[in-house]
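Hi there,

Here is the structure I promised to pass on to you. Please open it beside this email, and then read on for what I found in it.

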Amino acid sequence: MLGAPGDSGGGWFVDVSGVFQLAAITSFANIFPGYGSDTDATFLSPDNLSWIESTIAPRPVGDYDSDGGVDGQDFLTWQQDFDMTGSGLAADGNKDGSVDAADYTIWRDNFGMGVPAAFASTTVPEAASLVLLLMALACCNSSRSFRRAHRQR
Amino acid sequence: MGTVDGGVATFGGSSVLINEHWVLTAAHALIANDGKLKSFSEGYRVGVTDNFLNGLGENQHATEWFLHPDYLSIGNGPDLALLYFSNPFTTVILTQMYEGSVQVGNALSMVGYGQPGTPSTGLLPIDGNRRAGVNSLSGIDRPIGYIEAEFRGPSESGF
């Protein structure tokens, strides 16, 4: 039977006219020796479905903060992640495992994508400013401790 | 279904492929109750397999991961996380999301790699097999958003 250790993340499905639709994700179980368990799952309520749909919706390249548009906030995300390495880095636009100048270029080239015109700035940091910024970040990063690479939205 | 894993010998939990690029799993499969990421040396790897002890089948490492913003700990907030894979899974059957409501007594089909057993055997050690079973919904905790299914032997109350 299910719902015991190891099943976390498993799917609970509702049969809708022969099509099994995902309704919940297994979370935890209280084990009762001798016969089984009580198992709890997170129901995919409208709020949870909304979070899932908004998260998996196609995002423009360079949208490092996953808000649906490429704007100044994504530059700040790139700045914060600069020089970090690993998987799952928010500002690793080219998915090469490091956040570097190439990811800045991706952000710059896509600036304004997905952002309502009324809210989009028309200027991006210029190359000279970028050089100064990179130098500053290099200094900062020399003493910066490892930070978690995952993204909590 | 797949596994959230840091290596063939390390099992983090079950998960559901909701399309070619995205996997839905439990947040606590990625993050411990102290709020720290679980330290899988290889990162989060998901495989599509019938038995994770025999191999992960088609598998790859997650490119990005997202925790539900309201998740705090097990039983406290939506225990949900999404994993993104830049390369699509090919052995995938698209999962439709259920948008309706549920009631106590509804039959739900559960799929995962959980511990096996029957009322006569009790819980048995994990053998790596993916299984499916049907149980009826026995409780709904609306404020938290959790639903519950009880597994009882014939001689137990609530069977």
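Before we count anything, one definition: helices (H or I, at least four residues) and strands (E, at least two) are DSSP runs, and they are numbered from the N terminus. Please also keep in mind that this is a predicted model.

Let's begin with chain B. How many helices and strands are there in chain B? There are zero helices and 14 strands. Chain B has 159 residues, and 53% of them count as buried. For the contacts in chain B with a separation of 6 or more, 57% come from residues 24 or more positions apart. The accessible surface of this chain is about 6,900 Å², and carbon and sulfur atoms hold 50% of that.

Strand S2 (residues 14-17) of chain B runs antiparallel to S3(B) and is joined to it by three bridges. Within this pair, Val16(B) has Leu24(B) as its bridge partner, and a hairpin of four residues leads from S2(B) to S3(B). Strand S7 (residues 81-84) of chain B is also antiparallel to S3(B), with four bridges between them. Here Val23(B) has Leu83(B) as its bridge partner.

Now for a helix in chain A. Helix H1 covers residues 46-56, and its buried residues are Asn48(A), Leu49(A), Trp51(A), Ile52(A) and Thr55(A). Why do these residues lie on the same side of H1(A)? Because they cover an arc of only 155 degrees around the axis.

Last come the charged pairs. Side chains of opposite charge can pair when their charged atoms come close. Over all chains, the count comes to four salt bridges. Three of them are worth a visit:

- Lys95(A) and Glu64(B) form a salt bridge at 3.0 Å, N to O. This pair crosses between chains: Lys95(A) sits in the loop between helix H2 (72-81) and helix H3 (101-109) of chain A, and Glu64(B) sits in strand S6 (residues 64-67) of chain B. Lys95(A) counts as partly exposed, at 36% relative accessibility, whereas Glu64(B) counts as buried, at 3%.
- Asp109(A) and Arg108(A) meet in a salt bridge at 3.2 Å, N to O. Asp109(A) has 52% relative accessibility and counts as exposed, while Arg108(A) has 37% and counts as partly exposed.
- Asp127(B) and Arg131(B) meet in a salt bridge at 2.6 Å, N to O. Asp127(B) is partly exposed at 27% relative accessibility, and Arg131(B) is partly exposed with a relative accessible area of 26%.

Enjoy exploring, and write back whenever you like!

Best wishes

Note on methods:
Residues are numbered from 1 along each chain as its sequence is written. Chains are lettered from A and ligands numbered from 1 in the order in which they are written. This is a predicted model: local features need pLDDT of at least 70, side-chain atom pairs count only at pLDDT 80 or more; totals for chains, interfaces and linings use all residues. Side-chain values use heavy atoms; hydrogens and water are left out. Buried means under 20% relative accessible area, exposed over 50%, partly exposed in between (1.4 Å probe, protein chains only). The arc is that of the directions from the helix axis to the C-beta atoms. Contact means heavy atoms within 4.5 Å. Accessible areas come from the Shrake-Rupley method with a 1.4 Å probe; for residues, only the protein chains shown count as cover. A salt bridge is a side-chain nitrogen of Lys or Arg within 4 Å of a carboxyl oxygen of Asp or Glu. Two strands pair if DSSP finds at least two bridges between them.
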